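Welcome! Let's take a short tour together, starting with a helix and moving on to a sheet and some charged pairs.

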Amino acid sequence: MIEMNLDIPALMKQFHGEGYLLLRGALSESKVTELNAAIDRIVAEEPESLAYNVYHSVERDPSIMSLIDHPSLLPLMVNLIGYNIQLHISHLTVRKPNPDDVKTATNSFINWHQDGPHPHFPKIGGLTAPYYVKICYIMSDMSEPDRGNTKIIPGSHRKAGFQPVQTDVNVPVEGELQICGKPGDVFIFPQNLWHAGSPNRSAFTRRQLFIGYSPLWIRPIDYHQASPALLEGADPIRRQLLGAISDNCFKYYVPEAAMVPLKQYWLGGGESQTAYAH
């Protein structure tokens, strides 16, 4: 894993203002190769399809599991959403070329939306808080648009009552941006940013790994409780990320200092953290 020299305060300001970050070269070439080999194995175990959505992918391969505590990105996440956080989701998406937009069982694209439950997260003053944040590891060449890239509307998380004039990802929306990157790059965004997964009409297969984080008091999407296999040999930080902090459920709301070793990365202050850290 590559150590990155990140200016965390500057990135926090950019994240809160624009609603996303795009960071180059978060993974080494050898790590990208290792992860793509893991993705090949996982896809080979799935029914043949033009599109794959594999949730709880950390359980499928240890190389994916290793992403949850990236030495540079994890401290950044702590300062974006607080230190009492856990793994929320590990979602592998693969989109093969589909120039004819053939409908697939797992959906080859998804229209404009904010992530979250149904009914939606509550709004205050027309705004939804950032309840969880995802790092997307780009695992294929998506350096050009129209390769199934994720689309976003920068700043849409800060516009009270905002909703795209229409939700069809095929129809351009004012202010939209396609995230372009090379294997090993990452982009980071909160669930309340409007985004979409566009169709892949190129000759390239899209591969992205989403690793998301949320406060300990939110139920993760990946599992009810981390498996013994995931917890085996886990250090204190990884145990926290896997939600294994206490048998007392109240501690997920008010953890003791020893239960949240991620606090060591906390710089303090910030626009959104006070809602998540004690």
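Predicted model: local features only at pLDDT ≥ 70, side-chain atom pairs only at ≥ 80, totals over all residues.

## A covered helix

Just after α4 comes Gly82, which takes a positive phi of about 110°.

## An open sheet

Next, have a look at the strands. An open sheet is formed by 4 strands in the order β4-β11-β8-β9, with antiparallel pairing. Because β4 (110-113) and β9 (177-178) stand at the edges with a single partner strand each, one side of each has no neighbour in the sheet.

Strands β8 (residues 150-152) and β11 (residues 195-197) are joined by 3 bridges. Here Lys151 stands opposite Ala196 in β11.

## Charged pairs

Side chains of opposite charge can pair when their charged atoms come close. This structure holds 13 salt bridges. One of them joins Asp185 to Arg24, with the closest N and O atoms 3.1 Å apart. The two partners are 161 residues apart, Asp185 in the loop between β9 and β10 and Arg24 in the loop between β1 and α2. Asp185 is buried at 7% relative accessible area, whereas Arg24 is exposed at 52%.

Lys31 and Glu34 form another salt bridge, at 3.2 Å between the closest N and O atoms. Both lie in helix α2, about one turn apart. Lys31 is buried, while Glu34 is partly exposed.

Asp69 and Arg238 also meet in a salt bridge, at 3.0 Å from N to O. Asp69 lies in the loop between α3 and α4 and Arg238 in helix α6, so the pair ties together parts 169 residues apart in sequence.

Technical notes:
Residues numbered from 1 in each chain as written. Heavy atoms only, no water. Pairing = 2+ DSSP bridges. Helix = DSSP H or I, 4+ residues; strand = E, 2+ residues; numbered from the N terminus. Salt bridge = Lys/Arg side-chain N within 4 Å of Asp/Glu carboxyl O. Buried < 20%, exposed > 50% of the residue type's maximum accessible area, 1.4 Å probe, protein only.
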